[in-house]
Amino acid sequence: MTQQHASPTKDQQEALQKLGEIRGSIDNLDAAMIHILAERFRHTQEVGELKAKHDLPPSDPEREKRQVARLRELAHESRLDPEFAEKFLNFVIAEVIHHHRRIAEGAAATTEPSGE
Ligand SMILES: C=C(O[C@@H]1C=C(C(=O)O)C=C[C@H]1O)C(=O)O
């Protein structure tokens, strides 16, 4: 069974042209988000190494509360759903804490006596 597609109308051609332009902007923003996230993770990696070296806890719930409150406020001002902003931040922070635990485990493994 074959399906016949009528060629796009002039109206649809214009809409597709506009769609392509908007998608170009979305692709640019997605790339920017990846670069920004990579930069953030480079800094949090440094924090993780500092904490592991000085035996500080991987997570800081008080700092997180302040970040959530601040980002919710910024989201509200930018007409972004504050619930989404909070979920997104918590998602990123959970990954950072996971990295910090792994760094701390590695640091502990290299400083613990080998038992030999
Ligand atoms: C990066 C840190 O470590 C953790 C990760 C955070 C983050 O990703 O912003 C914030 C607090 C900590 O739970 C920090 O303490 O600053």
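Mentor: Begin with Lys 51, where an N or O atom of the side chain is 2.7 Å from an oxygen atom of the ligand. A polar contact is a pair of N or O atoms within 3.5 Å; within protein, one must be able to donate a hydrogen and the other to accept it, and residues adjacent in sequence count only if both atoms are side-chain atoms. The ligand alone exposes 360 Å², of which the protein buries 91% (Shrake-Rupley accessible areas, 1.4 Å probe; for residues, only the protein chains shown count as cover).

Mentor: Please note that this is a predicted model, in which local features need pLDDT of at least 70, side-chain atom pairs count only at pLDDT 80 or more, and totals for chains, interfaces and linings use all residues. Residues are numbered from 1 along each chain as its sequence is written, and side-chain values use heavy atoms, leaving out hydrogens and water.

Trainee: How far from an oxygen atom of the ligand does a polar side-chain atom of Glu 64 lie?

Mentor: The distance for Glu 64 is 2.4 Å; for a polar side-chain atom of Gln 67, it is 2.8 Å.

Trainee: Why does His 100 count as buried?

Mentor: Buried means under 20% relative accessible area, exposed over 50%, partly exposed in between (1.4 Å probe, protein chains only). His 100 counts as buried because its relative accessibility is 5%.

Trainee: Which backbone oxygen does the side chain of His 100 reach?

Mentor: That of Thr 44, at 2.8 Å. His 100 also touches Lys 51, among others (contact: heavy atoms within 4.5 Å).

Note on methods. Lists of a residue's contacts leave out its neighbours within four places in sequence.
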